[in-house]
Amino acid sequence: VGGAAGDQRYLADGGTDAIAAGEQSYWDLDRMLKAAESRAGNVISATGAIYAVRRSLFKSLPDGVTDDFFTSTGVVAQGYRLVFAPDAIAFEPVASTGEIEFGRKVRVMTRGLRGVLLRRALLDPRRHGFYAVQLLTHKLLRRTMVVPLAVAAITSPLLWRRRRFYRVATVAQASLYGLGGVGIVFSRRPLGRRKAFMLPAFFCFVNAAATRAIWNIVLGRRIDPGRERALGRRALRRSDAGPRP
């Protein structure tokens, strides 16, 4: 074992909007995934809230990547295991608004995708076995899922008359995005925080952030830590200022 990924938990807050509540539910799922990944051999990567690696395995970081992802995957790249330590827990508050969380997700995804590109050697199953498959599905395909989703949303209605499958797909997609839209519009109200609306809203929200992140990668835009902190402070100032006339 060369590194241990801890468990990040968000503190419950009844005043959060639907997006923040969805983030909290997502991390409940992520915790189960990390435990399963660890049993399969390695956790994909660690959360920056709490993790540890052997001093001898730490390497300098390139610009424009998330330090937790790049440092923790470096453990696997050097032939050691990265395991989940569920008893090592960090507690964090959920972002107060969807606006703040959206900016954070775009930054994390942009830097995370850049990290995967720089760690692309880990995607070779001949060298890294099942971990390569896990990394591909968990970090790369999940972040770029918005592309096939967009293609399906456009083509399914066009194929409505061809087969029943396409009609079912069209209705299912319209229902999902419709529920998500209601959750986003009413995110600050009790209606938006119901699971029927909250989870679709978070799904749409995450894929919107992924779209922006993919575009950043395509254009070669790099988000460095200094700029990330500045953007975070700016978002907090807007949040603290309250509604403007």
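Reader: What share of the contacts with a separation of 6 or more comes from residues 24 or more positions apart?
Author: In this predicted model, such pairs account for 74% of the contacts in the chain with a separation of 6 or more, where contact means heavy atoms within 4.5 Å.

Reader: And how should I read the numbering and the cut-offs?
Author: Residues are numbered from 1 along each chain as its sequence is written, and side-chain values use heavy atoms, with hydrogens and water left out. Because the model is predicted, local features need pLDDT of at least 70 and side-chain atom pairs count only at pLDDT 80 or more, while totals for chains, interfaces and linings use all residues.

Reader: What is the mean pLDDT, then?
Author: The mean for the chain is 86, and 87% of the residues reach 70 or more; pLDDT is the predictor's confidence in each residue, from 0 to 100.

Reader: Which element has the lowest mean pLDDT?
Author: That is helix H9 (residues 225-241), with a mean of 49, whereas S2 has the highest, 96. Helices (H or I, at least four residues) and strands (E, at least two) are DSSP runs, numbered from the N terminus. Over residues 227-232 pLDDT stays under 50, and the model has six contacts beyond four places in sequence for them.

Reader: How many helices and strands are there?
Author: The chain has nine helices and three strands.

Reader: Switching topic, is helix H2 mostly covered or mostly open?
Author: Helix H2 (residues 67-77) is mostly covered, since nine of its 11 residues are buried, and among them are Phe-69, Phe-70 and Val-75. Buried means under 20% relative accessible area, exposed means over 50%, and partly exposed lies in between (1.4 Å probe, protein chains only).

Reader: What comes after H2?
Author: H2 is followed by Gly-79, whose phi is positive, near 90°.

Reader: Where does Asn-42 lie, and why is it called buried?
Author: Asn-42 lies in the loop between helix H1 (18-40) and strand S2 (51-53), and it counts as buried because its relative accessible area is 12%. A polar atom of the Asn-42 side chain lies 2.8 Å from the backbone nitrogen of Leu-82. Leaving aside neighbours within four places in sequence, Asn-42 is in contact with residues including Val-76, Tyr-80 and Tyr-131.

Reader: And Ile-89, which class is that in?
Author: Ile-89, in strand S3 (residues 82-93), counts as partly exposed, because its relative accessibility is 31%.

Technical notes: A polar contact is a pair of N or O atoms within 3.5 Å; within protein, one must be able to donate a hydrogen and the other to accept it, and residues adjacent in sequence count only if both atoms are side-chain atoms.
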